[in-house]
Amino acid sequence: MTNALLDVVGLNKAFQVKPKSAKLFARPTRVQVLNDISFELYEGETLSIVGESGCGKTTLGRCLVKGIPATAGQVMYRTEEDERVDFLALKGKEAKRLRRDIQMIFQDPYSSLSPRMSVFDIISEPLVANFKLSRAEVEDKVKDIAEKAGLNASYLRRYPHAFSGGQRQRIAIARALIMKPRLIVCDEAVSALDVSIQAQIINLLKDLQEQFKITYLFISHDLSIVQNISDRVAVMHLGRIVELAPTKELFEGPKHPYTEALMSAVPQPDPEADHSRIILEGEVPNPAHPPSGCHFHPRCAYRTEKCMQQSPELREIADGHSVACHYAEQLNLRGVRHD
């Protein structure tokens with residue numbers, strides 16, 4: 001038993017992809033996008049999921065909110081009544097009731113907003129769909145949440161095309177916040193924004209987290225942002241978590257070679273620091289035909305015969321620090337400064 005808000009156990013997701021072939025009746029290929037993902041998410045924390053494009057970050061986020069069905073596994077959610085339920089197994093009214101607690105902010109703040117709906121209608125839609133409220137009650141709640149998200153009340157009658165990217169993302173945040181969720185999945189929530197606007201949105205998310213005691217699952221490829229917002233970080237590679245640790249510990253002392261390569265791309269303000277970039281050789285493995293053993297071994301500078309034959313399990317090597325590498329204790333890997 002655990003007191004975690006969310007306990008993900010053995011989550012798997014596979015897609016059937018039809019090959020680009022001239023054969024009309026060619027059999028589809030099974031692509032394993034998520035492979036035995038397990039982790040805990042604690043109330044009030046920010047856990048970031050990082051990794052290169054195609055590693056399964058977004059698929060993980062959408063499976064957690066039941067945006068797409070998982071192939072196997074459990075997402076054990078601790079309700080406000082302190083009961084543990086498998087969110088993925090729920091259907092009907094029970095699923096609808098708990099779905100209010102888990103919201104999502106998408107990457108593109110424009111395509112996630114209906115161009116035919118006003119800002120007021122976009123933010124109020126979850127309220128109208130889930131509760132029987134008077135028009136006055138809906139207006140009061142929308143105005144209150146819009147103000148907390150940094151939106152002027154005069155914006156509520158306008159349409160998404162009239163706003164900048166940062167303002168659109170504030171609308172998306174207000175829409176997620178209107179249900180007073182306990183968990184918000186942020187899928188690349190600032191990657192489409194200018195750097196200065198990114199900082200504003202990150203600060204807004206932090207303020208809202210402190211004010212409403214929200215838990216974040218923050219999906220990103222930008223390690224500089226992850227370093228600033230996260231309590232813990234999980235590194236994904238080819239559908240698996242290869243390292244999970246507190247942010248400071250992960251950045252200063254990575255234990256997986258893939259994490260070390262990611263860290264070498266983080267800009268550092270110290271002119272005397274080692275800025276040499278680790279360039280991974282070879283191609284990214286095909287998830288439809290992954291390599292044997294450790295999936296990272298074709299690009300790993302530390303690989304041995306054991307890496308090519310045996311797949312490492314994600315194991316805890318220190319308190320709160322888990323790694324999927326045969327030689328995690330022996331390797332002396334380079335990290336970056338965590339301010």
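# Briefing: cores, strand pairing and salt bridges

Arg-315 is partly exposed, at a relative accessible area of 29%; here buried means under 20% relative accessible area, exposed means over 50%, and partly exposed lies in between (1.4 Å probe, protein chains only). The model is predicted, and local features need pLDDT of at least 70, side-chain atom pairs count only at pLDDT 80 or more, and totals for chains, interfaces and linings use all residues. Residues are numbered from 1 along each chain as its sequence is written, and side-chain values use heavy atoms, with hydrogens and water left out. Helices (H or I, at least four residues) and strands (E, at least two) are DSSP runs, numbered from the N terminus.

**Nonpolar cores**

- A nonpolar core is a set of buried Ala, Val, Leu, Ile, Met, Phe, Trp, Tyr and Cys residues joined through side-chain atoms within 4.5 Å.
- In soluble globular proteins, nonpolar side chains tend to be buried together.
- The largest nonpolar core counts 38 residues, and the most contacts inside this core belong to Ile-105, Ile-123, Ile-171, Ile-184 and Phe-218.
- Two or more residues of this core come from each of helices H3 (119–130), H4 (135–148), H5 (165–177), H6 (195–212) and H7 (223–229), and from each of strands S7 (183–187) and S8 (215–219).
- H5 supplies the largest share of this core, six residues.
- Apart from this core lies another core of 32 residues, including Leu-5, Leu-64, Val-75 and Ile-219.
- Phe-218 is in contact (heavy atoms within 4.5 Å) with Thr-46, Leu-47, Ser-48, Ile-49, Cys-186, Val-190, Ile-202, Leu-205, Ile-225 and Ile-229, leaving aside residues up to four places away in sequence.

- Thr-59 is part of helix H1 (residues 57–64) and is buried, with a relative accessible area of 15%.
- Residues touched by Thr-59, not counting those up to four places away in sequence, are Lys-13, Phe-15, Val-33, Leu-34 and Ile-68.
- Thr-59 and Lys-13 are 46 residues apart along the chain, and their C-alpha atoms are separated by 8.0 Å.
- Thr-247 belongs to helix H8 (residues 247–252) and counts as buried at 2% relative accessibility.
- The backbone oxygen of Ser-230 is reached by the side chain of Thr-247 at 3.0 Å.

**Strand pairing**

- Two strands pair if DSSP finds at least two bridges between them.
- Strand S1 (residues 6–17) and strand S2 (residues 29–41) run antiparallel and are joined by nine bridges.
- Within S2, Ile-37 stands opposite Leu-11.
- S1 also pairs with strand S4 (residues 72–78), in the antiparallel sense and over five bridges.
- Gln-74 in S4 is the bridge partner of Val-9.

**Salt bridges**

- A salt bridge is a side-chain nitrogen of Lys or Arg within 4 Å of a carboxyl oxygen of Asp or Glu, and the structure holds 12 of them.
- Glu-43 and Arg-78 form a salt bridge in which the closest N and O atoms are 3.1 Å apart.
- Glu-43 lies in the loop between S2 and strand S3 (46–50) and Arg-78 lies in strand S4, so this pair ties together parts that are 35 residues apart in sequence.
- Glu-43 counts as partly exposed at 43% relative accessibility, whereas Arg-78 counts as buried at 12%.
- A network of salt bridges links Glu-43, Arg-78, Asp-82 and Arg-182.
- Between Glu-139 and Arg-157 there is a salt bridge with the closest N and O atoms 3.9 Å apart.
- This pair links distant parts of the chain, 18 residues apart, with Glu-139 in helix H4 and Arg-157 in the loop between H4 and H5.
- Glu-139 is partly exposed, with a relative accessible area of 22%.
- Arg-315 and Glu-329 form a salt bridge, their closest N and O atoms being 2.7 Å apart.
- Glu-329 lies in the segment after strand S12 (321–323) and Arg-315 in strand S11 (residues 315–318), so the pair ties together parts that are 14 residues apart in sequence.
- Glu-329 counts as partly exposed at 46% relative accessibility.

**Cysteines**

- Zero disulfides (a pair of cysteine sulfur atoms within 2.5 Å) are found in a search of the whole structure.
- Cys-63 counts as buried at 0% relative accessibility, and its sulfur is 13 Å from the closest cysteine sulfur, in Cys-55, which is too far for a bond.
- Cys-186 is buried, with a relative accessible area of 0%; the closest cysteine sulfur to that of Cys-186 is in Cys-55, 17 Å away and too far for a bond.

Notes: Polar contact = N/O pair within 3.5 Å; in protein donor to acceptor, adjacent residues only side chain to side chain.
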